Amino acid sequence: MIIKQKALTIYVCFILFVLATGCKRKPEVTIDIARPKPTFTTYFDKKYLLYKLPGNYYRGTALNQTFANTFDSAVTEFKPLGFDPALNLQYTHVYSNQCVYHVDSSTWKYAEVCFPNTCLTRDKAYAQVHLKNTTGQTKTYYTRLFYQNTTYWYPTNDSINLKASDYLDNYYGASGVVSATLRPQQDTVINIPYTIGLDPKREFPLDPDKDPARAGNYEFMLLTLNDKNDVLLEEHINLQKINPFAEVKKDQLQNGGQKYFKHISYTGPHHFKFVFLDEYFDGKNDLTPNHIYIVKDGKEKKLCDTCTNSFRAVINESWKVDEFFKGFISKAPFIHGEYGIKKENTTIDGNGVTITIQASKTGDYKKTWGEFIFGPSIKYGHLTVRAKFAQMMNGTGTPNGIIHNLWLYQRDPDPVDTTNPYSYIRNPLGKQPFEIDFEVWNSEYGINTMWDDSAFINFSIVDYMRDPTVAIKPGEKKRFGKYEANRLNTRQLNIPGGNIGRDYFNSFHTYELYWYPDHVKFLVDGWEQADITKDMAKIPDKYAFLWIGSPLYQDGTYYSQSSIPFLLRSKQTVVDYIKIE
């Protein structure tokens, strides 16, 4: 029977060879029918790249806003975007390959992230204002538009904290002042040019693209006064020290609105939503490596358990724990292998970003992987990443050495505050960069067993104890509501998730975080997994970039990377959707 089966196989192979298809097994192609597809494909306005959202888009959603809709008596109509303010409009930033240029021979710079798109629209936005002088005297009206992000903010509504100035951290800006002189009963329409973004507070005067527009919904306020010398109408208003929305709210609450509130026209945040990134890898955004997606090459963290690139000369994915400690692995000699981040291990195309963790063969030993960064940085926002992370476990319940990192990493580390009693907690470079992390590990001492047939996701904020008053100190464990948190590794606050098995890595999963000024919420596949609040950790308040990798690090494998066998087969991580809104 066996001989007949072999003969039949040879015959089938011969026929297939004749048909030029051969007997070689082709790689399986996974058709992912659940991959997200663009929701909006047709622009409401092509010049400004605006989409029109359904009229019920915000039904059931209470958007933050400073005021109710109100109008100054001299303003009969206020259209912040030049369209009916009742419309729900959305701008999704496009990272076109037309908008990238060389800074030097090895560095590319991308056009500023703002509205309107400076590269594709090449114009400002124009608020349309209908003014009418209803008095019996000729008057000059001085008008200025202000905008503010209300999705990620410190409130400037009736709950404003008048004893603090946290609201200066909000993202807001102003147009220039436009004036009109009208005779009694005369009316006119004026257009006020402005841009959302481009360093509105002048915090980065030498590099305005370091202060991109913040994702989320925006409210608009038009101030119309007859006194051109008012502080809110100053040509060079100091927005680092003045939040115009807060000033008008104070006037409303403390002065009956006599100075400002009765002279504003207002449109709420339903009218405009800014989406920072909506990436389907369909070619709408530039996918050229090292333009907006930066492929890392080298500069990996060194192996702290050997620091010599020496590894056991074993290629195996079916070993058991006893064989590691007492069997053939423990007795194998050490050899030098190639180690680290290699740019050729990351590809970006219509399938998404594919990171390969390379296999080895006798005489060609390697532990290499890929990592990438989304270049434009954000401060607060709702991040969604859909990914299928590479398998981390052998069928025998042992780790293959791979871990996974999905991080927001601080762009510009701050000087260390040496007055902080925890200032000694630093990274190997002597810095304290914030991180907001999904970390997929095999084990962590004292929390999960050393090695078994499962892994877990660690939800974390790396804050280096930059707020020494937080409730959980280095080395401690505490329960906060339904979550058990710890600082067993002193630089970060951790909420370890439940165990996940081998099957988890056979599918795509959706990873989300909501980064607010006072807390960070983590979700996996739509289910909340952790919520880290400001009493648990210092909530990052600096610009950060998205960083994803599948490294072969000792972290999460109990500092045994040098003895974990090399991979027999290459593994892949695929990221096929990213959104920041």
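Biologist: What makes K521 count as a charge over the ring of Y514?

Modeller: The charged end of K521 lies 5.2 Å from the ring centre of Y514. A charge sits over a ring if NZ of Lys or CZ of Arg is within 6 Å of the ring centre and within 35 degrees of the ring normal. R466 is placed over the face of F434, at 3.8 Å from the ring centre.

Biologist: What should I know about the source of these values?

Modeller: This is a predicted model, in which local features need pLDDT of at least 70 and side-chain atom pairs count only at pLDDT 80 or more, while totals for chains, interfaces and linings use all residues. Residues are numbered from 1 along each chain as its sequence is written, and side-chain values use heavy atoms, with hydrogens and water left out.

Biologist: How many helices and strands does the chain have?

Modeller: The chain has four helices and 33 strands. Helices (H or I, at least four residues) and strands (E, at least two) are DSSP runs, numbered from the N terminus. Of the 581 residues, 52% are buried.

Biologist: Why is M221 called buried?

Modeller: Buried means under 20% relative accessible area, exposed over 50%, and partly exposed in between (1.4 Å probe, protein chains only). M221 has 1% relative accessibility, so the term buried applies. This residue belongs to strand β11 (residues 216-225).

Biologist: Which residues does M221 contact, apart from neighbours within four places in sequence?

Modeller: Contact means heavy atoms within 4.5 Å. The partners of M221 include F67, F78, R144 and F245.

Biologist: Why is the pair of F67 and F261 called tilted?

Modeller: Rings of Phe, Tyr and Trp (its six-membered ring) pair if their centres lie within 6.5 Å; planes under 30 degrees apart count as stacked, over 60 as edge-to-face and the rest as tilted. The centres of F67 and F261 are 5.6 Å apart and the planes stand at 40 degrees, so the pair is tilted. F67 is in the loop between β1 (50-52) and β2, and F261 is in the loop between α2 (244-255) and β12 (264-275), 194 residues apart. F67 is also buried, at 4% relative accessible area. The structure holds 44 aromatic pairs.

Biologist: Why are β2 and β10 called edge strands?

Modeller: The open sheet has three strands in the order β2-β6-β10, with antiparallel pairing. β2 (75-79) and β10 (187-194) each have a single partner strand, so one side of each has no neighbour in the sheet. The twist averages 15 degrees from one strand to the next; axes are lines fitted to C-alpha atoms, for helices over the stretch in contact, and angles run from 0 to 180 degrees between N-to-C directions.

Biologist: How do you know that β2 and β6 pair?

Modeller: Two strands pair if DSSP finds at least two bridges between them. β2 and β6 (residues 125-132) have four bridges and are antiparallel. Here K79 is opposite Q128 in β6.

Biologist: Why is β33 described as largely enclosed?

Modeller: Nine of the 10 residues of β33 (residues 571-580) are buried, so the strand is largely enclosed by the rest of the structure. β19 (residues 352-357) joins β33 through five antiparallel bridges, and V353 has V575 as its bridge partner. β22 (residues 381-388) runs antiparallel to β33 with six bridges.
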